[in-house]
Each structure stands twice: as structure tokens, then as C-alpha cells.
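Colleague: I would like to go through the labels used for this structure and what stands behind them. Please show it first.

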Protein chains: 2
Amino acid sequence: MRPIGYVKSPYKEPRDVPRGLGAQHEAEGMLELLPEFAEGLADIEGFSHLYVLWLFDRSQGFELTANPPSDNRPHGVFATRSPLRPNPIGLTTVELLRRDGVRLHVRGVDMLDATPILDIKPYLSSIAPEKLRRGWLAEAEARAK
Amino acid sequence: MRPIGYVKSPYKEPRDVPRGLGAQHEAEGMLELLPEFAEGLADIEGFSHLYVLWLFDRSQGFELTANPPSDNRPHGVFATRSPLRPNPIGLTTVELLRRDGVRLHVRGVDMLDATPILDIKPYLSSIAPEKLRRGWLAEAEARAK
């Protein structure tokens, strides 16, 4: 695994990232690819949304039980977005605003500044909201109302 | 990076996996976690859909320009789901049918049998279809009509 580029984000420290119930990820940032990967971006500007796979490079180790900020109950790590995962890979959906060479200007970053990017994929289809069940998160939201 | 488990899939060879325009991924399969990661699955059965991150373990090397089976034109690898990526990580959304201990029965596998699983994350929200642009894929679909 090698970085294909780095995230430019307004968030310098973990505490800067909005978290907990109702947290919005509307921050603009940039995915800056290394020049040797520029060719791999051909035609990406046709997609409105992208998946970004990235490395939790400032997390150490993992915990199988996580305590997410959106709930006061613990949950299995694979039922959460905890950074303390057996393989420290993050996944974020961003909106592609525009491309400027190897720089993708995007909305929706929740990564820290200088986070290594592992992969970018096109977002091709959605699960219809009426088919989606959101487990403990929906329950925590209901309790918070 | 270490496998947290392996996929059980009806697809034994790359040619078995449905591909190209209109390919449906409705196959049922199983995500079988290693016993030492069982605790990380707590509460996962509340989610209807999961992201599975996995390793393209039968691909070698990468190509920055890909020739996807859904189009007769080449595209940058990051605008495709090509297995020949700088970091060979696959991403699949599956529907969770039921859990049986460390075994997650799912619908929508497009991985080969025995594919190593790197991570599982809850699918929490969708981009509304009316906000989605699907670039070259939408164009290829329109041309095929």
C-alpha cells in the first residue's frame, strides 16, 4: 500500500472534525494526487461524487469494541466508523466540485489535513433510503429527539 | 494490512463475475470473519447494508488507463472499478441478510471466492439519485440504448 496523494483539509487535529449526532460534513478540501498518478484521473470530472479510501495515519492499534461519539453505548468496531480498526482504512464520500490537474476540489471532507489517499473510485449508485436500516445510529437519533 | 476474514462467493474465476453494462450483482454469499474479530461484529445486524473493503488478491500490478467492460473507450483507473489499481482495494456494497456468529450472509457479492476481507463498515446514507452524475458510464448506457 502506497499513498497516491494527500488530502488538503481544514481539519488539523482530530478534535477539529465535526462528530456526534447530526454532525455535518460540508467542509471543502482538496484531493491532491502525486503527479505520477495524474493519468488515472482521466474522465473523473464526469462524476458528481467519489469514494475516497484513505489511511488513518494518526491512529495506533485497534479496539474491537468502539465508543462512537454519536451514542453513549459501545458497538462492534465494524458497526462503526471508528479509526481504531484492524486495517486502518477510512472511507469518505465526497462531492467533486471541480478538477484542476491533479487537484480535485471536493466537498464533504472529514479527514485530517495531509491524510494519505489510497484510492479514489466513482460513486455509481445509491441504496434507496426506504430500503436502508441504520441500526444503533437510528436508535441513538430517536433517543436524542 | 491483514485479512479480517474471507468471502464465500459463487464466483470461482474472474470470468464468472457478471460484468459490462446492466450487470446485476444479486449473488448471495458470505463474509466469514476470523474468530478473533468476532467481537467487532456486535450490533452489525441492525444495518441493512454494509460496505466491504477487500483485496484484489488475484490481480498483479496496475494500469493508470483502464478499459472497463461497460464501455469501448478507455478511462482513467480512478474513474473505474478496475482491479488493476495502485492500491488493489475493492469496495462492494452488500445487503446483510442475516448473521450467524462470525458469518454474515449477504446479497450482492461481486468478489471471487476466498477473497480476503480488509474491513466492514456500516452503510449510513445515500446520495440522492437526482444529485448523482455518473460520467462516462451514463454516456455508455445512453449509447447502448
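Colleague: What makes the meeting of the side chains of B:Glu45 and B:Arg99 a salt bridge?

Modeller: A salt bridge is a side-chain nitrogen of Lys or Arg within 4 Å of a carboxyl oxygen of Asp or Glu. For B:Glu45 and B:Arg99 the N to O distance is 3.5 Å, so the pair meets that definition. The two residues lie 54 apart in the chain, B:Glu45 in the loop between E2 and E3 of chain B and B:Arg99 in strand E6 of chain B. Strands (E) are DSSP runs of at least two residues and helices (H or I) of at least four, numbered from the N terminus.

Colleague: What do these values rest on?

Modeller: This is a predicted model, in which local features need pLDDT of at least 70 and side-chain atom pairs count only at pLDDT 80 or more, while totals for chains, interfaces and linings use all residues. Residues are numbered from 1 along each chain as its sequence is written, chains are lettered from A and ligands numbered from 1 in the order in which they are written, and side-chain values use heavy atoms, with hydrogens and water left out.

Colleague: Why is B:Glu45 called partly exposed?

Modeller: Buried means under 20% relative accessible area and exposed over 50%, with partly exposed in between (1.4 Å probe, protein chains only). B:Glu45 has 42%, so it falls in between. B:Arg99, with 28%, is also partly exposed.

Colleague: How do you know that A:Arg107 forms a salt bridge with A:Glu28?

Modeller: Their closest N and O atoms are 3.5 Å apart. The pair links strand E7 (residues 103-107) of chain A, which holds A:Arg107, to strand E2 (residues 28-33), which holds A:Glu28, across 79 residues. A:Arg107 is partly exposed at 28% relative accessibility, and A:Glu28 is partly exposed at 49%.

Colleague: Which salt bridge does B:Glu28 form?

Modeller: B:Glu28 pairs with B:Arg107, the closest N and O atoms being 3.6 Å apart. B:Glu28 is in strand E2 and B:Arg107 in strand E7 of chain B.

Colleague: How many salt bridges are counted between chain B and chain A?

Modeller: Two. In B:Arg85 with A:Asp119, the closest N and O atoms are 2.6 Å apart.

Colleague: How many residues of chain B are in contact with chain A?

Modeller: With contact meaning heavy atoms within 4.5 Å, 55 residues of chain B are in contact with 55 residues of chain A.
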